[in-house]
Each structure stands twice: as structure tokens, then as C-alpha cells.
Amino acid sequence: MKQFFFTALFFFTVNIIQAQEYTVVGLDGEVENAKPKLTDECEEKMTALKERFLKMYESPEAVNHRKLTEDFFAKVHNKEPMDDPRATNFNEKILFWVEAHIDQTDFSSVEEAKAAWNKKDKALLAYTKANMDYYVMLMQTMETCGSDIVEEFEREMHRVYGMY
């Protein structure tokens with residue numbers, strides 16, 4: 001029971017520390033929002049960034065990349081972390097796992113899986129190139145609004161839209 005209490009206290013404390021918005025009660029009892037108000041210029045840039053994000057998200061290149069990624073992982077059927085001591089990056093983790101567990105996938109061979117992964121990677125490159133202006137806008141918005149605001153925006157887009 002003691003361990004549960006300390007674990008719960010730890011997660012409660014971490015969530016308080018990580019909170020982006022918090023409340024402060026002044027000496028006069030007034031509740032104040034401690035999150036800074038965005039400047040008009042920042043508001044405009046964030047609005048434009050979201051519009052550009054949605055355009056990017058719906059681009060044919062992004063749709064194709066998401067489809068190829070979903071198709072690949074639909075054939076893998078793995079819900080557990082894919083890890084291999086030989087892996088030095090995410091791609092290697094996936095491909096080493098598939099190679100070691102090809103019989104647990106719907107791929108007929110490791111070569112077929114690698115070809116599907118490479119096709120997905122080429123689609124990612126095409127998607128990135130086609131939407132380079134989004135990434136430029138993202139960096140410009142970060143210069144105006146700060147990295148915390150833009151990182152929060154990116155987290156929210158991942159939460160709402162998933163990986164794009």
C-alpha cells in the first residue's frame with residue numbers, strides 16, 4: 001500500500017510540474033492564470049501555422065505516407081516494443097524485429113518487408129519535400145512565439161491527428 005501511495009504521489013507531482021498552464025492565487029484571493037498571453041503577432045502566426053498544418057496533413061503525399069505506414073504495420077501485428085541490441089535507430093529496430101519474427105507477420109519474406117519499408121520511407125521523403133514550406137513556417141513561428149508554444153502545438157497536433 002505504501003508503494004502505491006508513493007507511486008501515486010510521484011505521478012501527481014510530475015503532472016503538476018509538467019503542467020503548461022497553472023493557477024496562481026494572489027494575496028488578495030484573486031485567481032490568476034499564470035500562462036502568458038500570446039502577442040497578436042504570435043496569435044496570427046499560430047493561426048497561419050495551423051492552417052498550413054491542415055493543408056499539409058491532407059496533401060496527397062501525406063495521405064500516401066500514412067497509408068503505406070499503416071499498411072506496413074498492419075502486416076506486422078506487433079503490439080510490444082520492437083528492440084534489438086544491434087539497432088542504432090528506429091528503422092533498424094523495426095527491420096531487425098521483422099527479420100527475427102517474419103513468421104509472426106503477413107509478409108512472405110524479409111525482402112518483401114524491407115521493400116514495403118523502403119517504399120514508405122520514399123513516401124516520407126516526398127511528403128517532406130512537398131511540404132517544406134510548413135517546416136520553414138514552423139521555424140519562423142518558433143522565432144516569434146518561442147519553442148515552448150510551438151512544441152505544445154506539435155504535441156497537440158500529434159494527439160489530435162496522430163503521426164503525420
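Predicted model: local features only at pLDDT ≥ 70, side-chain atom pairs only at ≥ 80, totals over all residues.
I looked up cysteine 145 and found it buried, at 14% relative accessible area (buried means under 20%, exposed over 50%, partly exposed in between, with a 1.4 Å probe and protein chains only). Residues are numbered from 1 along each chain as its sequence is written, and side-chain values use heavy atoms, with hydrogens and water left out.

Next, the partner. I found cysteine 145 in a disulfide with cysteine 42, the sulfur atoms being 2.1 Å apart (the cut-off is a pair of cysteine sulfur atoms within 2.5 Å). By that rule I get one disulfide. Cysteine 42 sits in helix α2 (residues 40–57) and cysteine 145 in helix α6 (residues 132–145), so the bond ties together parts 103 residues apart in sequence. Helices here are DSSP runs of H or I, at least four residues, and strands are E runs of at least two, numbered from the N terminus. I also checked the S-S torsion: it is about 130°, so the disulfide is right-handed. Cysteine 42 is buried as well, at 2% relative accessibility.

Then glutamate 143, also in helix α6. I have it down as exposed, with 70% relative accessible area. Its C-alpha is 9.6 Å from that of cysteine 42, 101 residues away along the chain.

Last, asparagine 131, in the loop between α5 (110–130) and α6. I found it buried at 2%. Leaving out residues up to four places away in sequence, asparagine 131 touches Arg52, Met56 and Ser59 (contact means heavy atoms within 4.5 Å).
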